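Please read the numbered points with the structure open alongside.

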Amino acid sequence: MQRLAPLMEEPMDEQEQEDQERGKRSTRSKSWKKWIKTQLQIIVFPKKPDMKLLLSVMGCPLFPVPPLSKISLHQVSSSAQYIIQQFAAATGCKKLAGEIKNTFVTGKITMSMVSDVNSSPAVGSSSSVSHKGCFVMWQMLPEKWLIELVGGGHKVAAGSDGEITWRYTPWLGDHAAKGAIRPLRRALQGLDPLTISSVFSSAQFVGEKEINGKDCFILKLSTDQIDLSRRSDSTAEMIKHVAFGYFSQKSGLLICLEDSSLTRIQIPGTVPTYWETSMSSWMEDYRAIEGSEVVIAHSGRTDVLISRFGETLRGGISVTRMEERWTIDDVVFDVPGLSVDCFIPPKEIKMDFHQHDGPPPIRVGLTESAGRAVFATRRIGAGDLIHTAKPVVACPSLASLDSVCYLCLKKLMGSAKFQDRGVSYCSQECQENSKGFYDVETRADWSSFVDYCRTYNFKYPLMVKRLCCMIISGALPADCLDILQPAALSSAMISKIEDGYGLLWNAFRKANFKDDDVAFLTKQWYTAILARIRINAFRIDLVGGSCGEDLLSLAAASVEGEGAVGHAVYMLPSFYNHDCDPNAHIMWLQNADARLNTLRDVEEGEELRICYIDASMGYEARQTILSQGFGFICNCLRCQSGD
């Protein structure tokens, strides 16, 4: 799974680290108008896996609740509002309301992975490295803001125009946030007193507590169930998101900010996993901004604790601790030329936001005759993207080993390759993501197994080999495909399957793998997993290539079978049933990431179906292939008519 709700509220791109050290002067000399209005581009993937986590969680997360559009800092009708009035007086933020039109802020950060309980020694040693960076933030009212943050050689961004909150990372691209408009959490770390006053004006006073030797009032904010449901989807369910503000009884200032979220992650038919993300920020060095009476925190520290637990995790609870230290370099009010037009999100995000506003477009249900199926939960227009899907396991064909990425199956263009022990990757990201299972794979001699596959023109045993290596490396559980429907195997097929099993087992045995590592690899498991791959694997026919290639030519090559580069098994796409006259279509543009689009208008409640074979074949040919290859006789409307 690529999207985990509590972790993916973040940021955009890349910049050299020496630019970070030069600091605010070089940053402020850039044209901020160009930064905001230029289309964001997906660039180099991050070099270290832990840096992706650091930036995703700590870069620019959102606060649990939206700010109030109009607040009165003079009205007192609750204990919380009295505390906020004291805070407003201490920070001088009453002067901000109505007088200051916008704010520009620059600052420096240092992020580090403090510890990971389940890390290996190698991971643990690398995770102690600190990553320095900087950020630039613009704000106009609590609802309109933009941040760009550079750290560890990567730039991330997030913004809000008062209608859409969006985020960008090089590894996820840009996307709109679900739910109501929310402020940037970084602004509430003592940096923006007006936003702090706005969001906490509706808080609940829950008591008192001593924080770092200071007596504090505690204000609590909870996300309501309606917004939690809006921020959830069919895979990730937001269970809670609460925040606490600790305000000094003596000075009235915000001393500590805490918030915690709990998300339930579950692919249909699998056991759920729970993610809890807790963030605590301590504000320091409160002082007035030069030329004004407004007081902000000029430095501070944020600690993050991420806990994962659930039956799908082998080692029990997984806990990761992270830390960020930050300082504010400069704050400027009323930047000339900064207008609401500067906060317009990228065009693609705005279009996608309006196009997909509403309930999730699909659900998995049961049919009387075909078992599981995928249904539309709302009307979907012709040509619309239904969803994307990443493969559970993908493997290049033997003929494509030298021409595609060993992990994502993207075609390798020219000399843009990353080599590793005889195989090639399209990027350093793919190379690093393959390291776990490829380290396992390179320990064994596969020559006999590969010769067996080449002799009989078998492709699926190669996928089982890769799956075994992924299981041994800990990337996947042995039962990861159990939810999928298996194919019916003849006795002749089972005989050849057992030959392949023997060669696979011998390769691991000769490589002296521990018995515990390969305990899952029984003859029954091998036969069952091959039966599931046989009926659920998709042949990857790429229709995208380099920027200079003609899309029409690429599509024609795909139809002729020239675009086939390997095979992959997916979870959700495997639930789609077949129709010889389908209303949906699966395609691959650049790599093994699948895109499912509608071929015509689909009404709410209608089943979405794809075609498993070449739909241009005649009736008899289609029935033969479906019967022999997939084990069923098609009874769709087209086949009923004899077409």
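1. Gln139 is buried, its relative accessible area being 8% (buried means under 20% relative accessible area, exposed over 50%, and partly exposed in between, with a 1.4 Å probe and protein chains only). The residue belongs to strand β2, residues 130–140; helices (H or I, at least four residues) and strands (E, at least two) are DSSP runs numbered from the N terminus. Setting aside neighbours within four places in sequence, Gln139 touches Asn102, Thr103, Lys144, Trp145, Ala187, Asp192, Thr195 and Phe343, where contact means heavy atoms within 4.5 Å.

2. The model is predicted: local features need pLDDT of at least 70 and side-chain atom pairs count only at pLDDT 80 or more, whereas totals for chains, interfaces and linings use all residues. Residues are numbered from 1 along each chain as its sequence is written, and side-chain values use heavy atoms, with hydrogens and water left out.

3. The average pLDDT of the chain is 80, and 80% of the residues score at least 70; pLDDT is the predictor's confidence in each residue, from 0 to 100. Residues 1–49 stay under 50, and for them the model has 150 contacts beyond four places in sequence. Residues 545–563 also have a pLDDT below 50, with 23 contacts in the model beyond near neighbours in sequence. Where pLDDT is low, the predicted coordinates should not be read in detail.

4. How do helices α12 and α14 meet? The axes of α12 (residues 460–473) and α14 (residues 523–536) come within 10 Å and cross at roughly 120°. Axes are lines fitted to C-alpha atoms, for helices over the stretch in contact, and angles run from 0 to 180 degrees between N-to-C directions. The angle makes α12 oblique to α14, given that angles under 35 degrees count as roughly parallel, over 145 as roughly antiparallel, 65 to 115 as roughly perpendicular and the rest as oblique. On the α12 side the contact is made by Tyr460, Pro461, Met463, Val464, Leu467, Cys468 and Ile471, and on the α14 side by Trp525, Tyr526, Ile529, Leu530, Ile533 and Arg534. By class, these residues are 12 nonpolar, no polar and one charged; Ala, Val, Leu, Ile, Met, Phe, Trp, Tyr, Cys and Pro count as nonpolar, Asp, Glu, Lys and Arg as charged, and the others, Gly among them, as polar.

5. Helix α12 also meets α10 (residues 428–441), with axes that come within 8 Å and cross at roughly 110°. That makes α10 roughly perpendicular to α12. Gly436, Phe437, Val440 and Glu441 of α10 face Lys465, Arg466, Cys469, Met470, Ile472 and Ser473 of α12 in this contact. The residues here comprise five nonpolar, two polar and three charged.

6. A further partner of α12 is α11 (residues 447–456): the two pack at an angle of about 150°, their axes 9 Å apart. Phe449, Tyr452 and Cys453 of α11 make the contact with Pro461, Leu462 and Lys465 of α12. Five of the contact residues are nonpolar, none polar and one charged.

7. Beyond neighbours within four places in sequence, Glu208 is in contact with Cys216, Phe217, Ile218 and Gln249. Asn212, in the loop between β7 and β8 (214–222), is exposed at 62% relative accessibility.

8. Most residues other than glycine have a negative phi, and most peptide bonds are trans. Asn212, though not a glycine, has a positive phi of about 50°. Asp285, likewise not a glycine, has a positive phi of about 55°. Asp285 lies in strand β11, residues 273–288, and is partly exposed with a relative accessible area of 37%.

9. Ser574 sits in the loop between β21 (564–569) and β22 (577–578). With a relative accessible area of 14%, Ser574 is buried. Apart from neighbours within four places in sequence, Ser574 is in contact with Leu484, Asn536 and Phe538.

10. Arg264 is placed in strand β10, residues 254–265, and is partly exposed at a relative accessible area of 25%. Arg264 and Ser232 are 32 residues apart in sequence, with a C-alpha to C-alpha distance of 9.4 Å.
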